[in-house]
Amino acid sequence: MRDLPRHLRARLLVLRLGLLVRSRRVAARGSPVPTDLLLASSLVWAGLVGATTVLCFSSGDPLLQILAPLTMMGILCGIVTRNNAAPRLAVAMIVLCDLPLKLMMPIHFGDAWFLIGTLQGVLFLAAMSATTVQLNRGYVQVLLAEQENQRRAVHDPLTGLRNRT
């Protein structure tokens, strides 16, 4: 059972790398890129991270119970910082990575106190969503400022006409 997620992750990695290589070649030719496939593979990967974390945590191995959530939290930080240009994708990936563990804990341990972890997961999701949106807004502001600076560099401020070739 433990080999299945690893096997699926390996296949998904090969698929994602193939898609990235193909996308770069297609983009270099000026053709449309298979964005939907890239986004879908990202969501499947995030779901597999969440499922693998649950499997590791429910295995009963104390080391895996510590390492799996810590690794997943590191992955979540990468998702937030790398995918801030697509905040809805980032939030969906965070949900797929984090929520399975938060939902599994009260069921696995049979203790209502672990519902606090589920509540914490909801609060964490809200905080990560807000952070992702803030990063996205900052990213957009930087792009707009660069665009405006480029326009100012080649246009006369009084007339708005181009002043350089």
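## Starting with S129

The side chain of S129 reaches the backbone oxygen of L125 at 2.8 Å. This is the kind of pair listed here as a polar contact: N or O atoms within 3.5 Å, where, within protein, one atom must be able to donate a hydrogen and the other to accept it, and where residues adjacent in sequence count only if both atoms are side-chain atoms. S129 lies in helix α5. With 17% relative accessibility, S129 counts as buried. Buried means under 20% relative accessible area, exposed means over 50%, and partly exposed is in between, using a 1.4 Å probe and protein chains only.

Before we go on, a word about the model: it is predicted, so local features need pLDDT of at least 70 and side-chain atom pairs count only at pLDDT 80 or more, while totals for chains, interfaces and linings use all residues. Residues are numbered from 1 along each chain as its sequence is written, and side-chain values use heavy atoms, with hydrogens and water left out.

## The overall picture

The protein has five helices and zero strands, and along the sequence they follow the pattern α-α-α-α-α. The radius of gyration is 21 Å, well over the 15 Å that the globule rule gives for 165 residues, so the protein is more spread out than a compact globule. That radius is taken over C-alpha atoms, and the rule is 2.2 Å times the number of residues to the power 0.38. Helices (H or I, at least four residues) and strands (E, at least two) are DSSP runs, numbered from the N terminus.

Along its principal axes, the C-alpha trace spans about 70 × 35 × 25 Å. Buried residues make up 28% of the 165 residues. Among contacts with a separation of 6 or more, 60% join residues 24 or more positions apart; a contact means heavy atoms within 4.5 Å.

## Helix α2 and S41

Helix α2 has 24 residues, and its first and last C-alpha atoms are 35 Å apart, close to the 34 Å expected at 1.5 Å a residue. The expected span is 1.5 Å times one less than the number of residues. Its buried residues include L38, S41, A46, V49, T53 and F57. Just after α2, G60 takes a positive phi of about 90°.

S41 is found in this helix, which covers residues 35-58. Is S41 buried or exposed? At 3% relative accessibility, S41 counts as buried. The side chain of S41 reaches the backbone oxygen of L38 at 2.9 Å. Leaving aside neighbours within four places in sequence, S41 is in contact with L12, L15, R16 and L19.

## The two sides of α3

Helix α3 (residues 62-82) has 21 residues and reaches 31 Å from its first C-alpha to its last, close to the 30 Å expected at 1.5 Å a residue. At the start of α3, a side-chain oxygen of D61 comes to within 3.0 Å of the backbone nitrogen of L63.

Which residues of α3 are buried? They are A68, P69, M72, L76, I79 and V80. These residues cover an arc of only 105° around the axis, which puts them on the same side of α3. The arc is that of the directions from the helix axis to the C-beta atoms. An α-helix has 3.6 residues a turn, so residues three or four places apart point the same way. The face turned away from the buried side carries the exposed residues P62, L63, I66, L70, T81 and R82. The buried residues of α3 pack against α2, α4 (87-109) and α5 (115-154).

## The nonpolar core

The largest nonpolar core has 18 residues, and those with the most contacts inside it are M72, L76, I79, I94, C97, L101 and M104. Such a core is a set of buried Ala, Val, Leu, Ile, Met, Phe, Trp, Tyr and Cys residues joined through side-chain atoms within 4.5 Å. The elements that give two or more residues to this core are α2, α3, α4 and α5, and the largest share, eight residues, comes from α4. Not counting residues up to four places away in sequence, L101 touches T53, V54, F57, P69 and M72.

## Back to α5

At 1.5 Å a residue, the 40 residues of α5 should span 58 Å; its end C-alpha atoms are 59 Å apart, which agrees. Its buried residues include G117, F124, M128, S129 and V154. What covers the buried residues of α5 includes α3 and α4.

V133 also has its place in α5, and with a relative accessible area of 30% V133 is partly exposed. V133 and N84 are 49 residues apart in sequence and 7.0 Å apart in space, C-alpha to C-alpha.
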